[in-house]
Amino acid sequence: MTDVVKVINVTKTYGKKGEKQYQALKGISFDVERGEFVGIMGASGSGKTTLLNIMSTLDRPTSGNVVINGRDITKLKNNEMSDFRGQEIGFVFQDFNLLENLTNRENIALPLALQNAKPDQVEAKVNLIAKKLGIGSILEKYPAEISGGQKQRVAAARALVHNPAILYGDEPTGALDSKSATELLETMKDLNRKDKVSILMVTHDPFSASYASRILFIKDGKIGKELKRDSKSREEFYQEIIAELGRR
Amino acid sequence: MLWKLSMTGIKSRFKDYLVLFSGLTLAGAIFYMFMTLATNGDFLNDSLPVTSQTIRLAFGIGIVLLILITFIYIVYANSFLLSMRKKDYGMYMILGARTSKIGKLIFVETLLVGLLATLVGILIGIVLAQWVSSVLVSQLGLTLHKFIGFYLPALLWTLVFFTLIFFLAAFWNRRRLVKSKVIDLLHEDQKPIRLHHHPVLKNIEALAGIVLMAGGYWVMTQAMVFKANTIWIAFLTIVIGTFFVFDALFTGVINILSKNRHFKYHKLRSFTIGQLKFRLGDYTRILTVISLLFALALGAITVGLDFVHVTDISLQANYYDVQLYQDTPAVRKQLKKVSVREQTGFDYKQVKNKIYVSKEQLLNNQIKSQEFRIKNGQTEYYTITIKPEELVKNKLPDNASLNGLLALLPMGDNDVKVINQDKFNQLKAQNNHVSLLLVNNFKQNIKNIESLQRAGLPNKPSYELLRTGVKVRQFIEINAIAAGFEFMGFFLGIAFLAMLA
């Protein structure tokens, strides 16, 4: 299997030279294989959001490299970066970040539209992903007219409509009730299993994390421990995560 | 697609845009209105007959002030526009929109909103200028000549100025957006402003602010010394001083309050303080602009009102309301339309270049004249009775009686002889009579009084000097100047107040 994401010795330091500096990431290296579902866990302030921002081109590392689908994103120029984002990366945020003034269909179509895709293609792709995520019936509604769980599905559809190399989730279940959260996680699991979508999810919730096939624990800007699910059931894995969290 | 997005973005935040747009429109309207005044040379020359340096300076300063305020206002509105759009644009960028494209988008959006607002503003300005001028004319009883709402040079100036500013604003917005990190765009509204705890610097700032403000106001009181520079010095020092004081004072007060635990944790206070801290930078700027706008509005209206006072003072420059030198049917007809309170007069005879008046007549009729002295920088008028014995000295300029008498005679030289009534009677020359009137309702009945005065002055070269010296003429002229300033004052005052809203 090939690596879809390679993180090589990434550090991130905040604050200017000569002033009080704070090192959020102290040299992190790991890989995500194609078709893998990786969870990143860590307490608040452990650096997991910083790591996600760097991996998703939203922020640049102080040193180190991030290679996604064979391209080193730390070396991309402005417009290349935009195009890269639009083609290779999908985002799901905790607070959905849907554009309230667009219908769900328009929201989902946005990444394609920004890449100047042909209208017929856009239509077909939106319908396809919406069907997969079970939101075909609410496409013509506005985000304000649907529930939180549905919003996150629309956001997920928007993140996946352009077939990105990797789907990033930043606490995607953080704003959902447990039923919606479970449904979303099940959907993500299916996408991962059936469509081989590579997923990297940052979370501090052990239940969400238990859907991943591998979990990296970040502590004080470094990768502490790594847990693999292998052939364990989700419930067993969940217990293992709880135990691991309790140990720290 | 992006353009469509941008448009739907505007539609969805229509209310916010409406506020922004109406503000910019108003700024455009006000600027246009001022320019109709400032660039309309015909109006200025006609209404303000004395196109002296002072008036030009006043307009110059008016323009600079307005440009500055408009500039601040637009910069402010512009940052509002940018902050409104940041999150959306951040989202577009995360979804793969190119930075350059987003840059273009904000550029065009800023320019479009700005220019549209300017055009609408000019339209409103034309209507408003016409309306305000007619209201001011009727309410304040001002007379304005050649003032029209639509004036092409004003329109062009406004257009050029605003286009320039919005171009700058558009460039600025583009730069800001392109330079900022996507992640910052997304979380723009969650970023607090850090309080810089540098007590020494803050104290210096507070002190500098107070010194600058005090200096500015002191310079204003010493206007006689600093002359035209007064306004510039005061303007700079007060603007900068105000900002410093607000900035330092606000930070200081908040810091002191948040250090005092007893105060801070009482009820909702910690919440309020937190809110204030979060938006401190914004508040400082808003407060500075508000206080300055208030100062300017009040200043402009005060100046406007003061010119009402100037007109009143001008009425005191002459004692008699009307001076009649002939008794024609036209004069008698016009006299019926004027209510005369008091009437006096005296005879005079002209022999060659000398004018003779009778000593007895002057004494009996108690002919009066207005004199003035400067007291505390203010002109103060007082009445004297012309004394024939002083006239004998026949010396100008410090002979008050002679001055007063000359103002009543058609020839402006000092060849006046005061003689006894007997001698006067024996003089072989045409006997002339000047009737001196005090009338009721001078201001209200000014049109009829002016007609009467005109009829009472013969069309001879020797009466030329009197034509400008009579009370009616002086009042009308000074009133015109004052009206110009009054109009400007109220106009600008209203404009600044509108900007505040």
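Helices α3 and α4 of chain A are oblique to each other, a class for angles that are not under 35 degrees (roughly parallel), over 145 (roughly antiparallel) or 65 to 115 (roughly perpendicular). This is a predicted model, in which local features need pLDDT of at least 70 and side-chain atom pairs count only at pLDDT 80 or more, while totals for chains, interfaces and linings use all residues. Residues are numbered from 1 along each chain as its sequence is written, and chains are lettered from A and ligands numbered from 1 in the order written.

**Helix pair in chain A**

- α3 (residues 104–114) and α4 (residues 119–132) of chain A pack at about 125°, with axes 10 Å apart. Helices are DSSP runs of H or I with at least four residues, strands runs of E with at least two, numbered from the N terminus. Axes are lines fitted to C-alpha atoms, for helices over the stretch in contact, and angles run from 0 to 180 degrees between N-to-C directions.
- α3(A) contributes A:Arg105, A:Ile108, A:Ala109, A:Leu112 and A:Ala113 to the contact. α4(A) contributes A:Val122, A:Lys125, A:Val126, A:Ile129 and A:Ala130. Contact here requires C-beta atoms, placed from the backbone, within 7 Å.
- By class, this contact holds eight nonpolar, no polar and two charged residues. Ala, Val, Leu, Ile, Met, Phe, Trp, Tyr, Cys and Pro count as nonpolar, Asp, Glu, Lys and Arg as charged, and the others, Gly among them, as polar.

**Sheet in chain A**

- Six strands form an open sheet in the order β6-β7-β8-β3-β9-β10, with mixed pairing. Strands pair when DSSP finds at least two bridges between them.
- β6 (89–92) and β10 (222–228) of chain A stand at the edges. Each has a single partner strand, so one side of each lacks a neighbour in the sheet.
- From one strand to the next, the twist averages 20°.
- β3 (residues 37–41) and β9 (residues 214–219) of chain A run parallel, joined by four bridges. A:Gly39 has A:Ile215 of β9(A) as its bridge partner.

**Contact between the chains**

- Chain B gives 19 residues to the contact, and chain A gives 21 residues.
- On the side of chain B that touches chain A, α1 (2–12), α4 (53–94), α5 (99–140) and α7 (182–186) of chain B each give two or more residues.
- α4(B) gives the most, with five residues.
- This side of chain B divides into nine nonpolar, six polar and four charged residues.

**Helical stretches in chain B**

- Residues 105–128 of chain B are 100% helix and 0% strand, with end C-alpha atoms 33 Å apart.
- Residues 200–219 of chain B are 100% helix and 0% strand, with end C-alpha atoms 28 Å apart.

Terms used. Contact = placed C-beta atoms within 7 Å.
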